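Thanks, everyone. I'll walk through it briefly.

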Amino acid sequence: MPEIIVLMGPQGAGKGTQAHLLAERFNLPLVATGDILREMALSDAPLGLQIRAVQAAGQLVSDDILAEVVKTRLSRSDCEAGCILDGFPRTLPQAKLLESIAGDLGHRITVMSIELPREFLFKRLAGRQTCGVCGAIYNEYFKPGKKEGVCDVDGQALFTRSDDNEESIAQRLSLYDEKTRPLLDYYASLGRLQRVDGTGAPDEVFGRIVKILGKQTASDAS
Ligand SMILES: [Zn+2]
């Protein structure tokens, strides 16, 4: 059965990386709603005009328009075998719209929630340091420079992004939990939710995702 794989995870969980790895391994299109919104806003089709009007008025695109955008994209022939969905749904009404879209297309939805202990995410985000000269990325907890605060490559000073301060990170993580919980509960109740351990290197996490998808395919066949 064609599968719509919905990726969910907080900032710092490596969701974008997993989305790309999945698309590559299974040869499925990666549908990132931010990208398709931008793309469709450029077209002169009725939907494009509608999106431009909303954006020109400085408003957010409504759930209904967003659902129409997703439906249009998922109806293209390259999504016949399924796709990876990133950035949608973000709310319960959007999730319900996606159910009906998937139902019309005859696709199954599988939600992969990449989960990490809060403490770990916090260190990943708050510890991030960048070299202002060569752009090398360090982490003061997981991958520090050999000399504190200095780039190994060129000896320049490392800096922390201003939105990486501890308070705003804690706030972003709490907001994610708050907004996502109803969605995860919804998908759990439908039996579509898969929780993935997001600790370890990206290829370890990817291995776990592939294993879950493999089990699912095996149970389809039996
Ligand atoms: Zn450097």
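One definition before we start. Axes here are lines fitted to C-alpha atoms, for helices over the stretch in contact, and angles run from 0 to 180 degrees between N-to-C directions. And keep in mind that this is a predicted model.

Start with two helices. Helix H1 covers residues 15-26, and helix H8 covers residues 202-221. Their axes come within 10 Å and cross at roughly 55 degrees. Angles of 65 to 115 degrees count as roughly perpendicular, and those under 35 as roughly parallel. H1 is therefore oblique to H8. The crossing itself is right-handed.

Which residues of H1 and H8 make the contact? On the H1 side, take Thr17, Gln18, Leu21, Leu22 and Arg25. On the H8 side, take Pro202, Val205, Phe206, Ile209 and Val210. By class, that contact has seven nonpolar residues, two polar and one charged.

Now the five-stranded sheet. It is open, and its order is S2-S3-S1-S4-S8. The pairing is parallel. Which strands sit at the edges? Strand S2, residues 30-32, and S8, each of which pairs on one side only. Neighbouring strands here are turned by 25 degrees against each other on average, with direction ignored.

H1 comes back at this point. H1 packs on the sheet and touches S1, S2, S3 and S4. S3 spans 82-86, and the direction of H1 makes about 170 degrees with that of S3.

Let me go into the pairs. Strand S1, residues 3-8, runs parallel to strand S4, residues 108-115, over six bridges. Within that pair, Glu3 has Arg108 of S4 as its bridge partner. Further along, Leu7 stands opposite Met112 in S4. S4 also pairs with strand S8, residues 193-197. Those two are parallel as well, joined by five bridges. One place to look is Ile114, whose bridge partner in S8 is Val196.

A reminder while you have the strands on screen. In a regular strand the side chains alternate between the two faces of the sheet.

Next, the three-stranded sheet. This one is also open, in the order S6-S5-S7, and its pairing is antiparallel. Its edge strands are S6, at 137-139, and S7, at 158-159. Each pairs on one side only. How many bridges join strand S5 to S6? Three, in the antiparallel sense, with S5 at residues 128-131. Look at Thr130 there: it stands opposite Ile137 in S6.

Two backbone details to finish. The peptide bond from Phe88 to Pro89 is cis, with omega near -5 degrees. Where is Pro89? In the loop between S3 and helix H5, which spans 92-105.

The other detail is Asn27, in the loop between H1 and S2. Asn27 has a positive phi of about 55 degrees, although it is not a glycine. Is Asn27 buried or exposed? Asn27 has 10 C-beta neighbours inside 10 Å, so it counts as exposed.

That's the tour. Questions, please.

Notes: Residues numbered from 1 in each chain as written. Predicted model: local features only at pLDDT ≥ 70, side-chain atom pairs only at ≥ 80, totals over all residues. Pairing = 2+ DSSP bridges. Helix = DSSP H or I, 4+ residues; strand = E, 2+ residues; numbered from the N terminus. Parallel < 35°, antiparallel > 145°, perpendicular 65-115°, else oblique. Left-handed = near helix turned anticlockwise from the far one by under 90°. Contact = placed C-beta atoms within 7 Å. Nonpolar A, V, L, I, M, F, W, Y, C, P; charged D, E, K, R; others polar. Buried ≥ 20, exposed ≤ 12 C-beta atoms within 10 Å, placed from the backbone.
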